[in-house]
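Please keep the sequence and the three-dimensional view at hand while reading.

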Amino acid sequence: MDEPIPADLRDFILRYIDSVAHLEALLLLRANPQTSWDVPAVAARLYTSEAQAGEVLAQLCGEGLIASENDLYRYAGQSAETLAMIDRLAEFYSKQLIPITNLIHGKPRRIRQFADAFKFRKDN
């Protein structure tokens, strides 16, 4: 049986997308590339708490999937390759919602948390 999600897209999701909130926030900013978003506005659009929206936006920014300046977030700063992958992700998500959400929900969280513990951050 063919996998509904191509291997490279699957790898991208597993590497960068930790929750459906991450995916929805990324796609929200992608759909509105000229808009700068603050945390309360993203939280309202995603029907989530400001704390969760802030965490999601900070992680997406840290991964280089979005940009931030003065507590505002935008869909900017990505390489052409990353932009193309996010475009493909948006397309597949619109057609393969269940397989993509299942992949995200099945992602081992502890592995990501363990890996994050060893990341070098600018504030360290």
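## Basis of the model

The model is predicted: local features need pLDDT of at least 70, side-chain atom pairs count only at pLDDT 80 or more, and totals for chains, interfaces and linings use all residues. Residues are numbered from 1 along each chain as its sequence is written, and side-chain values use heavy atoms, with hydrogens and water left out.

## The aromatic pair

The structure contains one aromatic pair. Its members are Phe12 and Tyr16, with 4.9 Å from centre to centre and 50 degrees between the planes, a tilted arrangement. Rings of Phe, Tyr and Trp (its six-membered ring) pair if their centres lie within 6.5 Å; planes under 30 degrees apart count as stacked, over 60 as edge-to-face and the rest as tilted.

Phe12 and Tyr16 are four residues apart in helix H1 (residues 7-16), and are therefore separated by about one helical turn. Helices (H or I, at least four residues) are DSSP runs, numbered from the N terminus. Phe12 is buried at a relative accessible area of 7%, and Tyr16 is also buried, at 15%. Buried means under 20% relative accessible area, exposed over 50%, and partly exposed in between (1.4 Å probe, protein chains only).

## Helices H2 and H4

The axes of helix H2 (residues 20-31) and helix H4 (residues 50-62) cross at roughly 70 degrees and come within 10 Å. Axes are lines fitted to C-alpha atoms, for helices over the stretch in contact, and angles run from 0 to 180 degrees between N-to-C directions. H2 and H4 are therefore roughly perpendicular to each other, a term for angles of 65 to 115 degrees.

H2 contributes Ala21, His22, Ala25, Leu26 and Leu29 to the contact, and H4 contributes Gln52, Val56, Leu57, Gln59 and Leu60. Contact means heavy atoms within 4.5 Å. The residues of this contact comprise seven nonpolar, three polar and no charged. Ala, Val, Leu, Ile, Met, Phe, Trp, Tyr, Cys and Pro count as nonpolar, Asp, Glu, Lys and Arg as charged, and the others, Gly among them, as polar.

Leu26, in helix H2, is buried with a relative accessible area of 0%. Beyond its neighbours within four places in sequence, Leu26 is in contact with Ile17, Leu60, Leu65, Ile66, Tyr75, Ile86 and Leu89.

Arg45 lies in helix H3 (residues 39-46) and is partly exposed at 48% relative accessibility. Not counting residues up to four places away in sequence, Arg45 touches Leu28 and Trp37.

Technical notes
Helices (H or I, at least four residues) and strands (E, at least two) are DSSP runs, numbered from the N terminus. Angles under 35 degrees count as roughly parallel, over 145 as roughly antiparallel, 65 to 115 as roughly perpendicular and the rest as oblique.
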